[in-house]
Amino acid sequence: MNPNENDPIAPIRFIAVGHAGAQILEVLRRAVPAGIECAHADTSPEALRSSPLPRRILLGQSVNHGLGAGGDPDLGRQSAEEDLPAIRTFAAGARIVFVVAGLGGGTGSGAAPVVARAVRESNALVLAIATTPFEFERRRVAYALEAVDRLKSAADAVLTVSNQRVRRMHDDKTHPHELYRFANDLLAQTLCGLWRLFGAPGLIPLEFSHVERLLRGRHAESAFAAVEATGGNRAHAAVEQLLTHPFLDTGAALGAAGEVLVSVSGGDDLQIGEVERLLESLQQGCPQASFIVGATIDPSLTGRLHVTLIAVKPGTAVGPTHRESPSVAAGRSGSQESPATGVPSFAGEDFPGSPDPAESAPSRLLPPAPELNAEQRQRVLKAQKGRTGRRKPDSQMVMNFDIAPRGRFDNTERNRHKGVDLDVPTYLRLGIVLN
Amino acid sequence: MFSEAPLLVGLEIGTSKICAAVGEENDRGEFTLLGIGQARSRGVRKGEIVDPAKAQEDVRTALANAEEQAGVTIGNLFLGVTGRHVEGFNNVGMHPVASDDRLVTPQDIADAAANAKAITLPAEHTVLHTIRQRVCIDGEEVVDDPVGMVGHKVEAHVHVIHGSAVRIQNPVNLVRALSIEVNHTVFNGLADAQAVLTPEDKENGALVIDIGGGTTEFVFQQGQGIRQSGVFAIGGDHISNDIAIGLKLNLGVAEGLKIKCGSAVVDPSCHGRRIPIGEDDHGIKSREVSVEHLRRIMSVRIQEIFELIAERCSEGCFLDEARAGVFLCGGGAHIPGIDVLAQRVFHLPVTLATCRNITGNSTTLSHPEFSTAIGIARYGGMRLRGRPRPRFNLRDVFPFFR
């Protein structure tokens, strides 16, 4: 399916769009000793100059005259469109490209979807990882939500992390820096896990097609997480971390998951018992899910256990779903087909300038657009997440329903038969009224 | 083996009464009832002992009563067991014919039957009876002796009756505490079938239902085999209890009312009829209750019992095969109209059973509530005697059963 399947070591690349993305990638780069192929795309030469990443792509110099996007997503988008060739060059030949951005600003919100599409056009699987702003940043939240929508139509999978959610995990006295660092670390850890999942040699190999099948078109309903644990009881610790992971709605996503992909990475000291225990505990955490399991060995991980998990909600229909066209259609010019599906017939059904990319890419699922504004939508989603909580099998209280009279049989064993207590008078159970 | 006809004693520790039947068998296998002893049961609920001290006292009374009536001394007996833990189910055991010439040997059949017995029972459960239904060679049912036939695979279809080992042991210990040996335990429903069915009935297929005080046993016998059996822990007590709750009476009054004007069917004649509940011992003023309500309460309960049995029996076999019909015994058989209700549920001929093929006091034999104790004694006789004509030489595998 993958056009690059002839090239077994087709690389995985990371591209940061905007300042926030670069921060995250920098954390990731430091975490991965082997080094990763990454680039920083930004509209502001100023930001690029201080960029920690080795490869830099300046976007839209001719549009913004070197002044950046200035918080205007439209400008960010135009800038990115100016320099699509540079992005394509970077993505060329890659198997998977991660687009990392902080949404809400001009560059992140405007340019990231364009970058994602450009990368996709170069036949790579695109996974977009983005943060969304705090709720008090009203205007930026609106920009970010629209950007997420666009990212979903452009990328194969989108993982968003709300700063607000991260904020909720901290108390009021936390320094903002610490908060950002925490969010960046989490994202970097997850990215690292995904990178390992796709990149490291497999002990129990996870076929790329598995991952692709799982993710394609389901970005709205998938959740990722990666954790790392050390020490004697690391399998247990890893499960604990996963079940309380903020990206998984502190485990709620696991409880509701229909399919779970787990990749376990360890050093040369990885023990099969650990993997077994880990998976068993995880399976208890997601009772309805079917599992896809992979394991990789990375000598640099000796003493540590790294677990990456992708949870997909069940019953996700894959297919084109009509969605209200976004206000800015110009950004959608260019090929919309999904090259990675490898179905050549779609090439002819390309609609340049089409306002609805979903129509031409059947493998992409777009959630039907609810007639709600951004804030309402967020509220609804939040409420839904609360409903599908993880079940705790043993913590439920047993309620005593000993209301029906049993008379003579009060102290005897209950006469259960197919859910009814036969000791209770039949006429009562049948609801026959005596008057 | 036995120079003299051994004394056969069957003891049923029932929920409403404890009944001991003493009889003997002559060398032709004819059973004579010598005496019946009974006592009101106070320590049993739903067929299981809840108050051992009282139950023991009652058992002693019943046995003494029986000894007196029969003029014998009881040293050992056969004990009937029941309770909702007792369950029956069908199983098939297979065994390949190992010999070179593919001739079926008795050992092959025994092995197949042993395989059928090797089943996963619930924890703590023990097998009470394993009853052969039929033997198949290579999928073909064999009517007569399969020994010597040629085949590759022997299949033994058996019915297994099992129950909780602990709960079966309780009454056994209670009897042993009276210095009386328990030869064997028998499932009450099986005993009923021994007492009330003639060989013709068995051959035609018959469903025996024993509605006791706390339990209802049922056995669907066809030919030598048992097609289905089981226990529901519902009985006359439940009917009285329903009446007590429904008509707001105390249990004793409800029981009396059930016996006096109860019925299993609600006929139009009882519409609007009310009967006074007489002033009781405590001088409570009389009040009236509706007969229709009384019978409605009873009717739905009994109908439910029948429906539960019909449902269980239709698992894996057809009730229509009970061509001899339904035989009702136990104290519940006294309820007026119960045969009509049974007929409505099962669509089969219904007989209010009496003990048959037994000589003795005919008044006693005609009482359906003694059928269990008498049947246990009869079963004991067969067990001691062995089958008159063992067909497959399966003494070790199947209890001798006719």
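Is B:Glu57 buried, partly exposed or exposed? I looked it up: B:Glu57 counts as partly exposed because its relative accessibility is 43%, where buried is under 20% relative accessible area, exposed is over 50% and partly exposed is in between (1.4 Å probe, protein chains only).

Ground rules before I go on. This is a predicted model, where local features need pLDDT of at least 70, side-chain atom pairs count only at pLDDT 80 or more, and totals for chains, interfaces and linings use all residues. Residues are numbered from 1 along each chain as its sequence is written, chains are lettered from A and ligands numbered from 1 in the order in which they are written, and side-chain values use heavy atoms, with hydrogens and water left out.

**Entry: B:Glu57 and its partner.** I found B:Glu57 in a salt bridge with B:Arg42, with 3.2 Å between the closest N and O atoms. (A salt bridge is a side-chain nitrogen of Lys or Arg within 4 Å of a carboxyl oxygen of Asp or Glu.) The pair links distant parts of the chain, 15 residues apart: B:Glu57 sits in helix H1 (residues 52-70) of chain B, and B:Arg42 in the loop between strand E3 (31-40) and strand E4 (44-45). Helices (H or I, at least four residues) and strands (E, at least two) are DSSP runs, numbered from the N terminus. I also checked B:Arg42, which is partly exposed at 34%.

**Entry: strand to strand in chain B.** Next I noted B:Glu288 and B:Arg274, whose side chains meet in a salt bridge at 3.5 Å, N to O. B:Glu288 is in strand E16 (residues 287-290) and B:Arg274 in strand E15 (residues 274-277), so this pair ties together parts 14 residues apart in sequence. I have B:Glu288 down as partly exposed at 44%, and B:Arg274 as partly exposed at 47%.

**Entry: a network.** Shared partners join A:Arg429, B:Asp242, B:Arg301 and B:Glu304 into one salt-bridge network.

**Entry: chain A.** Here I picked out A:Glu228 and A:Arg304, a salt bridge with its closest N and O atoms 2.8 Å apart. The two are 76 residues apart, with A:Glu228 in strand E8 (residues 222-230) and A:Arg304 in strand E11 (residues 304-312). A:Glu228 is partly exposed at 22%, and A:Arg304 is partly exposed at 28%.
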